[in-house]
Amino acid sequence: MWFFARDPVRDFPFELSQDPPEGGPPGPWVLHRGRKKATGSPVSIFVYDVKPGADEQTQVAKAAFKRLKTLRHPNILAYIDGLETDKCLHVVTEAVTPLGMYLKERAEAGGLKELELSWGLHQIVKALSFLVNDCSLIHNNICMAAVFVDRAGEWKLGGLDYMYSAQGNGGGPPRKGVPELEQYDPPELADGSGRAVREKWSADMWRLGCLIWEVFNGPLPRAAALRNPGKIPKSLVPHYCELVGANPKVRPNPARFLQNCRAPGGFMNNRFVETNLFLEEIQIKEPAEKQKFFQELSKSLDSFPEDFCRHRVLPQLLTAFEFGNAGAVVLTPLFKVGKFLNAEEYQQKIIPVVVKMFSSTDRAMRIRLLQQMEQFIQYLDEPTVNTQIFPHVVHGFLDTNPAIREQTVKSMLLLAPKLNEANLNVELMKHFARLQAKDEQGPIRCNTTVCLGKIGSYLNASTRHRVLTSAFSRATKDPFAPSRVAGVLGFAATHNLYSMNDCAHKILPVLCGLTVDPEKSVRDQAFKAIRSFLSKLESVSEDPTQLAEVEKDVHAASSPGMGGAAASWAGWAVTGVSSLTSKLIRAHPTAAPAEPNIPQRPTPEGLPALAPTLVPATSTTSGHWETQEESTDTAEDSSAADRWDDEDWGSLEEAESVLAQQEDWSTGGQASRGGQTSNVDPKSPESDWSSWEAEGSWEQGWQEPSPPEPPPEGTRLASEYNWGGSEPSDKGDPFAAMSARREAGTQLRPDSWGDDNWEGLETESRQGKAELARKKREERRREMEAKRAEKKAAKGPMKLGTRKLD
């Protein structure tokens, strides 16, 4: 039987790269790039080939092997594995680059910043302090060739070949035998007075001075060049001079040198060094300290090196979120660091964390995720959005905090292109219906209409036909003036999605009614839209062959390309929404309506135009829209750039400060507001949609609501308000009177989206059909009341202190 000897090099779990060697410290070691065979992870491999007759060098190499294997410190080259045979020595370390090569590469790319150099030198001095003060070892080889840099930009001390004990129990310093290294020896060794040196760190600190000179000025030509600091920063020069002083006793201990450089105004006293020092000790920091650190980190990341952010900061951010309960404060720096990653790295490192964050119950985290969705939406695939993100996001529509509801509406602009048929055309439309009809915040109702106009092209043809006309018609009856403007703009943005019949019979009658709106801004936009639709109808009338071309998008499937119309609304932006939203929520962030189930709408003549619960909106609107009329007049004839996408949608970030003090969103939806029980239940929204299930169609869901309760005594009439004119309010406004007369016969019902059944607009002038429609609605109302009564009886008695929802 034959036995074959195993080749230890072949069985070694690491292999050398085919790239040429990267060099290494002066001496017998050669540095190669390598990788681990099992995982392919990069490593560095130092190789020493045993040569006959070089026993002294071999002993030095073996001693370095042993030292590197036993010394463990964050600033010393990390040993991974090793191989020792009769022919060679292999030492495997973390993947590094020699400092000289690293500085040359960075100089070609623009050079290193002083921040990076200060932290790199800090690490080398700290490693030297560890060796001298903690291990009583003299490195004896501090120079450019003994320093290496990892992928995060961290400097590591290597070159342990000539290390010896400071206590003298291991013999004196080994003979180097390398002329390149002798120029770094201190003068006291060159003149034979080395035995008189009393401080064990004196020689190494001289060599540290040589390293500092080389970092800023390049290779050291001769020892006499140390007298000229050259490009060494002024804040470092005094401490550098102490290192290269002729008297060895004056040279400071490495620990004292660090302390001097960290003093106020010192070279190492900067934000970058402080950040690194905090990250080194982050595991033992208090939660409050971590929170403050992450809050301030985002401001500094722009000035930090990219490699440092990717490989040093990012792992700490991920760890802080995963195990440290850091919460929402990690989001801003996390997404800022994410900009440095490629698509594959982003998918591997950031997306899993983002998906997990969406399931969090922390309100502050959820609102920040929604605010910063634009930074990561492009990395999310459709299955992830529909199955892991959208089910959590929709809970924001039911949140009691208006800031979260508003941000949830805005986020739909980014999520809509990735939603599937059911989530987009069914689930999302239900929530939009509820917000537009029942939300007590006018700006949120306005933004819901805006969002619907922008995502209309993504809806399928049947949903567009059922929803868009009725939704925008409903918006034109909203008591909040910007909502009415948004309804007009919604018609304009989706003009290509309506048939000519719908334009003539459904849309134009609605727009014509707005020509006598109390707000001039609404009237102006209505006239523009009317001219646009009339021009379209006229062109088809002149040339009927254009009908097919004009209506080509009406029955087309949903297409992202059709969203271009929504992206350019011919400058018809509602310029007041931003400030109005902020003022409203800032003044009344948790205001609740008197009757949450009754949406706000214009009321018949004799009642105030705005319900008492929207008094803040009334006062804010009055003052704001007076100034807006002048700017509207000047910009009326301008068809310039689109301003809609540049609008700040009425940011509610001011409400973020109270989020941490509120309940989480899962319980907040059931919390009482203003002494009332909320009508929002995120776990069982069926109660809000019982009418939808019974009616069974969207056409019936956009009908007229029943009249609200009479206002309290002393409430001003609509004609008593000054709607932006130059005359005092006591003179009245003919437009307000005309609007009130036009709406005098409107019947309201609390559970619907619209004020009219626009399916019958083309025959509204015929009294017979109008009467028939009224009877049908009355019959439907009675049926609904009967069904609700049955449900109440089936569910049993209500609990004390709660209000039963219809």
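Tutor: We begin with a definition: helices (H or I, at least four residues) and strands (E, at least two) are DSSP runs, numbered from the N terminus. In this structure, Ser-136 lies in the loop between helix 4 and strand 7 (137-138). This is a predicted model, in which local features need pLDDT of at least 70 and side-chain atom pairs count only at pLDDT 80 or more, while totals for chains, interfaces and linings use all residues. Residues are numbered from 1 along each chain as its sequence is written, and side-chain values use heavy atoms, with hydrogens and water left out.

Student: How many helices and strands does the protein have?

Tutor: The protein has 33 helices and 10 strands.

Student: Is Asn-140 buried or exposed?

Tutor: Buried means under 20% relative accessible area, exposed over 50%, and partly exposed in between (1.4 Å probe, protein chains only). Asn-140 is at 6% relative accessibility, so Asn-140 counts as buried. Ser-136 is buried as well, with a relative accessible area of 14%. Of the 806 residues in the protein, 51% are buried.

Student: Where do nonpolar residues gather, and how should I read a core?

Tutor: In soluble globular proteins, nonpolar side chains tend to be buried together. A nonpolar core is a set of buried Ala, Val, Leu, Ile, Met, Phe, Trp, Tyr and Cys residues joined through side-chain atoms within 4.5 Å. The largest one here has 91 residues, and Leu-428 and Leu-511 have the most contacts inside it. Helix 12 (residues 306-323) gives the most to this core, with 8 residues. A second, separate core of 68 residues includes Phe-46, Tyr-102, Leu-137 and Leu-157.

Student: Which residues does Leu-511 contact?

Tutor: Contact means heavy atoms within 4.5 Å. Apart from neighbours within four places in sequence, Leu-511 is in contact with Val-488, Phe-491, Ala-526, Ala-529, Ile-530 and Phe-533. Across the protein, among contacts with a separation of 6 or more, 71% join residues 24 or more positions apart.

Student: What does Trp-119 touch?

Tutor: Trp-119 is found in helix 4 (residues 114-134) and is buried, with a relative accessible area of 1%. Not counting residues up to four places away in sequence, Trp-119 touches Glu-154, Phe-272, Val-273, Asn-276, Leu-277 and Glu-280. The C-alpha atoms of Trp-119 and Glu-274 are separated by 9.3 Å, although these residues are 155 residues apart along the chain.

Student: How many residues of helix 18 are buried, and what span should the helix have?

Tutor: The expected span of a helix is 1.5 Å times one less than its number of residues. Helix 18 (residues 402-415) has 14 residues and should therefore span 20 Å; its end C-alpha atoms are 20 Å apart, which agrees. This helix is mostly covered, with 12 of its 14 residues buried.

Student: How many disulfides are there?

Tutor: A disulfide is a pair of cysteine sulfur atoms within 2.5 Å. By this rule the count is 0 disulfides. Cys-261 counts as buried, at 0% relative accessibility, and Cys-451 counts as buried at 0% too.
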